Amino acid sequence: MAAVRALVASRLAAASAFTSLSPGGRTPSQRAALHLSVPRPAARVALVLSGCGVYDGTEIHEASAILVHLSRGGAEVQIFAPDVPQMHVIDHTKGQPSEGESRNVLTESARIARGKITDLANLSAANHDAAIFPGGFGAAKNLSTFAVDGEDCKVNKEVERVLKEFHQAGKPIGLCCIAPVLAAKVLRGVEVTVGHEQEEGGKWPYAGTAEAIKALGAKHCVKEVVEAHVDQKNKVVTTPAFMCETALHYIHDGIGAMVRKVLELTGK
């Protein structure tokens with residue numbers, strides 16, 4: 001009988017311990033662990049394009065790399081472009097302007113967006129956690145006049161509005177390749193990178209851009225192509241991308257560094 005009483009006592013103790021668990025049979029520590037495992041809300045990122053094609057619009061490899069890294073980072077992406085004419089149309093087989101041809105920036109950008117694109121005039125920082133601008137000469141021709149006017153350039157009014165809105169809201173902005181000139185023009189005193197400040201035998205063919213950035217009142221920070229520079233104060237993240245003549249995977253890695261930093265700054 002003593003053995004039976006001991007068995008019953010042990011069963012009762014086990015039952016008592018079970019009923020002391022919270023609903024669902026989990027201890028407070030287990031509940032906390034489950035709570036921590038709940039997926040965090042996705043960062044909502046606006047991607048701003050400038051056409052389709054390196055010489056007169058968005059650099060397609062850069063846009064694609066950004067989208068891949070945003071997808072890997074779990075972000076929700078909405079793509080925008082201004083509804084304006086391109087500065088000109090380039091025949092990419094010749095590197096020469098196509099005489100008598102005109103195209104629309106929003107229409108051309110829709111090629112990269114697979115048709116899912118919105119007029120930039122409808123972009124509000126209130127609806128997004130971050131904004132990213134790929135490079136390509138479209139940033140210097142269609143989003144601004146930097147390609148023609150250098151430090152005296154003007155920035156498209158909607159692009160300027162978007163940059164100021166995100167900056168004033170304390171939301172991160174990512175830019176790569178030549179696009180950092182947009183931030184340098186609009187956000188005075190910002191820190192950006194376009195890579196190195198010397199051509200170094202053709203490895204950095206657009207190194208002169210660094211001097212123009214300084215002339216705009218911004219600070220230029222020398223970075224390698226695989227790196228991103230983070231201006232913590234202004235929440236602006238930049239990377240050189242195709243400002244450097246190098247293998248595609250290095251450019252892809254640098255863009256990945258930029259996207260990761262932008263997502264980190266959203267806090268999501």
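1. The largest nonpolar core has 74 residues, and Ile-66, Ile-132, Phe-133, Leu-182 and Met-258 touch the most other members. Such a core is a set of buried Ala, Val, Leu, Ile, Met, Phe, Trp, Tyr and Cys residues joined through side-chain atoms within 4.5 Å; buried means under 20% relative accessible area, exposed over 50%, partly exposed in between (1.4 Å probe, protein chains only). Helix α10, residues 248–266, gives the most to this core, with eight residues.

2. The model is predicted: local features need pLDDT of at least 70 and side-chain atom pairs pLDDT 80 or more, while totals for chains, interfaces and linings use all residues. Residues are numbered from 1 along each chain as its sequence is written, and side-chain values use heavy atoms, without hydrogens and water.

3. Beyond its neighbours within four places in sequence, Ile-132 is in contact (heavy atoms within 4.5 Å) with several residues, among them Val-45, Ile-66, Gly-174 and Met-258.

4. Glu-101 lies in the loop between β4 (96–97) and α4 (105–112). Helices (H or I, at least four residues) and strands (E, at least two) are DSSP runs, numbered from the N terminus. Glu-101 counts as partly exposed because its relative accessibility is 35%.

5. Glu-101 and His-88 are 13 residues apart in sequence, and their C-alpha atoms are 7.6 Å apart in space.
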